[in-house]
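Open the model in your viewer and keep the selection panel at hand.

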Amino acid sequence: MAKREVHFIWLLDCSGSMSVNGKIGELNFAIREAIPEMQQAAKDNAAASLLVRAISFASGATWHIDEPTPVEDFTWRDLTTYGGTDMGAAFRLAAGALETPPMPQRAMRPAIALVSDGQPMDDWRAGLRALNSTPWGKRAVRVAVAIGADADKAMLQEFLGNPELPILEANSPRQLAGAIRWASTVAVKAASSPKQGTEQPAKPPMMTKTRVESDDGVVW
């Protein structure tokens, strides 16, 4: 039987504030380090084919990796910082990718992982409405990572769309690495579960803490 596709999309904040204290470098490192665990999570589900891509947003939003890439072939290209925080533009870009077509009708639920350290500067609610108006966007497994104390946690909670889902808080490089690793693998496992359930996905398994423990002395 043909495998069913699971589309995983990173939404990554590349605004100027991400250059402070090396946050963008730590984010690049964390995603690169999470890839083998994503590959293993996909390997554990023989019925699913995991495809990964990424959107970066700052002054506007763009596909950083636009081709849905099989996770076994996925490699990371480093992000750089520039400009503001146009998160709404990222939501609208993701919404276009989650229409049918281009999404196949037999796909499993997609997964969307949002990472940000600040406040949106555009009409993010309109962008979120666009994302939620697509059938696949509405059903997507969602995770959110807040980097540092200035991240807009209320907005991230609205993105999650479920008050029972926690935001992952990362206040140091070590916490960020743990949060990215956790967010990616939990989302992959939840999205590729054979239990496709209702329109609003259940709370992903293992997502019981909002803060990755331990610190390495750098605080954002």
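**Stop 1: helix α3**

Select α3 (124-132) and show what covers its buried residues: α2, β4, α4 (135-139), β5 and α5 are among the elements that do. Helices (H or I, at least four residues) and strands (E, at least two) are DSSP runs, numbered from the N terminus. This is a predicted model, in which local features need pLDDT of at least 70 and side-chain atom pairs count only at pLDDT 80 or more, while totals for chains, interfaces and linings use all residues. Residues are numbered from 1 along each chain as its sequence is written, and side-chain values use heavy atoms, with hydrogens and water left out.

Now pick W124, G127, L128 and L131, the buried residues of α3. Buried means under 20% relative accessible area, exposed over 50%, partly exposed in between (1.4 Å probe, protein chains only). These residues cover an arc of only 100° around the axis, so they sit on the same side of α3. The arc is taken from the directions from the helix axis to the C-beta atoms.

**Stop 2: helix α2**

Move to α2, residues 87-97. Of its 11 residues, 8 are buried, so the helix is largely enclosed by the rest of the structure. Select M87, G88, A89, A90, F91, A94, A95 and A97 to see the buried set. They pack against β1 (4-13), β2 (48-58), β3 (60-70), β4 (111-116), α3 and α5 (153-160).

**Stop 3: the cores**

Which residues touch the most other members of the largest nonpolar core? Select F8, W10, L27, V145 and I180, out of 47 residues in that core. A nonpolar core is a set of buried Ala, Val, Leu, Ile, Met, Phe, Trp, Tyr and Cys residues joined through side-chain atoms within 4.5 Å. Color α6 (173-191) next; this helix gives the most to the core, with 11 residues. Apart from this core lies another, of 28 residues, including A90, I112, L131 and W136.

Center on F8. Its contacts (heavy atoms within 4.5 Å) include M38, L50, V52, A113 and V188, not counting residues up to four places away in sequence.

**Stop 4: the cavity**

A search of the whole structure finds 1 cavity of 30 Å³ or more. About 40 Å³ of space lies in the largest cavity. Select its lining: V6, A41, A42, N45, A48, L50, V188 and S192. α1 (23-43) and β2 are the elements that give two or more residues to this lining. On a 1 Å grid over the protein atoms alone, a cavity is a set of points where a 1.4 Å probe fits but cannot get out, and lining residues have an atom within 4 Å of a point. Grid points are joined across faces, edges and corners, and the volume is the space filled by probe spheres set on the points.

**Stop 5: strand β5**

Pick A146 in strand β5. At 0% relative accessibility, A146 counts as buried.

**Stop 6: the loops**

Most residues other than glycine have a negative phi, and most peptide bonds are trans. Go to the loop between α2 and β4, where P101 lies. The peptide bond from T100 to P101 is cis, with omega near -10°. Another cis bond joins P101 and P102, with omega about 15°.

Finish at N21, in the loop between β1 and α1. N21 is not a glycine, yet has a positive phi of about 55°. Its relative accessibility is 52%, so N21 counts as exposed.

Definitions and conventions. 1 Å grid on protein atoms, 1.4 Å probe; cavity = no way out; pocket = protein on both sides within 12 Å on 5 of 7 lines; lining within 4 Å.
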